[in-house]
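A guided reading in paragraphs would be welcome.

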Amino acid sequence: MAKTLIAGNWKMNLSAEQAHQLAQAVDKSAGNYADKVDVALFPGYLSVPAVSQTTKNAAVGVQDLYFTDQGAFTGEVSATQAKEFVSLALVGHSERRQIFGETNEAIARKAAACIRNGMTAIVCVGETEHERDQGETKQVLNDQISTGLTMLTASEMEHITIAYEPVWAIGTGNNAGPEDVAEAIQTIRAAVAEMFGGNAATQVRVLYGGSVKGDTAGSYLDLDGVDGLLVGGASLNDHEFHNIIERASK
Ligand code: PGA
């Protein structure tokens, strides 16, 4: 059984020095609970080398990458470049989907690029508020999974983690009710079972993300089928993030 994963997505925050300092504090917490909890940090690209050097206990990843390994793609970073420093990547975060127009097809290619380069991808899925109000959550999750994971084989699913992050719960303080999360995670595992079989569906790590804080972490971690948390805002505060890691160790 994989350990609980607590991942911190720092988004476009922190200077290199701030990132270094926060990484030091988090690495200490990660070391204290290393037997029970895996911790991963996702700093901005420019802080990735410094954070990787600072951390001994926490893994480090990039928040995005491009799906081609090299070439004339100004401004992009490939998995081939990222893997020199990190072993993990977020793929298809809802901010990439909503603000930068990333499609499920692009996300499929990014997930494949991670696997091709020996990295682990945390593929993010989740419905918008409008989709939820229209009763489309199941359909949206099915589409995001079936297209997003279409370039992978069952054995490669070992290197995939899925994060369920309802868009309306991200950065809003409006966190999802545990029953809704449990239902969405069942949908996600059923979609994985359909594509890759029951084994892959039970073994794939599935995280919840969206306005998680120290005092709400437990209500998600206690749910069947939730293997960890993807934390945005609260991961920028070392005490709050420590509390989440500590709760995950119980
Ligand atoms: P939040 O972000 O915890 O600030 O809602 C979560 C995420 O975007 O991964």
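Two strands are said to pair if DSSP finds at least two bridges between them. Helices (H or I, at least four residues) and strands (E, at least two) are DSSP runs, numbered from the N terminus. The model is predicted, so that local features need pLDDT of at least 70 and side-chain atom pairs count only at pLDDT 80 or more, while totals for chains, interfaces and linings use all residues. Residues are numbered from 1 along each chain as its sequence is written, and side-chain values use heavy atoms, with hydrogens and water left out.

The account begins with the strands. Strand E7 (residues 205–209) pairs with E8 in the parallel sense over three bridges, and in this pairing Gly 209 stands opposite Leu 230 of E8. E8 also pairs with E1, again in the parallel sense, over four bridges; here Gly 8 faces Val 231 of E8. E1 in turn is joined by six bridges to strand E2 (residues 37–42), and the two run parallel. Within that pair, Ala 7 is placed opposite Ala 40 in E2.

Five of the six residues of E1 are buried, so E1 is largely enclosed by the rest of the structure. E8 is covered on both faces: Gly 228 and Leu 230 on one side, and Leu 229 and Val 231 on the other, are all buried.

The loop between E1 and H1 contains Lys 11 and Leu 14. Lys 11 has a phi near 55°, a positive value in a residue other than glycine. Leu 14, likewise not a glycine, has a positive phi of about 80°, and with a relative accessible area of 30% Leu 14 is partly exposed.

A residue is near a molecule if one of its heavy atoms lies within 4 Å of it, and 13 residues surround the ligand, the closest being Lys 11, His 93, Glu 165, Gly 171 and Ser 211. By class, this shell has four nonpolar, seven polar and two charged residues; Ala, Val, Leu, Ile, Met, Phe, Trp, Tyr, Cys and Pro count as nonpolar, Asp, Glu, Lys and Arg as charged, and the others, Gly among them, as polar.

A polar side-chain atom of Lys 11 lies 2.7 Å from a ligand oxygen atom. The backbone also takes part: a polar backbone atom of Ser 211 is 2.7 Å from an oxygen atom of the ligand, and for Gly 232 a backbone N or O atom lies 2.8 Å from a ligand oxygen atom. Taken alone, the ligand exposes 280 Å², of which the protein buries 95%; these areas come from the Shrake-Rupley method with a 1.4 Å probe.

The charged side chains complete the picture. Side chains of opposite charge can pair when their charged atoms come close. A salt bridge is a side-chain nitrogen of Lys or Arg within 4 Å of a carboxyl oxygen of Asp or Glu, and by this rule the count comes to eleven. In one of them, Lys 11 meets Glu 95 at 2.8 Å, N to O. This pair links distant parts of the chain, since Lys 11 is in the loop between strand E1 (4–9) and helix H1 (16–32) and Glu 95 in helix H4 (residues 94–100), 84 residues apart. Glu 95 is partly exposed, at a relative accessible area of 26%.

Asp 64 and Lys 110 also meet in a salt bridge, with 2.8 Å from N to O. Asp 64 lies in the loop between strand E3 (59–62) and helix H3 (79–82) and Lys 110 in helix H5 (residues 104–116), so the pair ties together parts that are 46 residues apart in sequence. Both Asp 64 and Lys 110 are buried, and they belong to a network of salt bridges that links Asp 64, Arg 96, Glu 102 and Lys 110.

Technical notes: A polar contact is a pair of N or O atoms within 3.5 Å; within protein, one must be able to donate a hydrogen and the other to accept it, and residues adjacent in sequence count only if both atoms are side-chain atoms. Buried means under 20% relative accessible area, exposed over 50%, partly exposed in between (1.4 Å probe, protein chains only).
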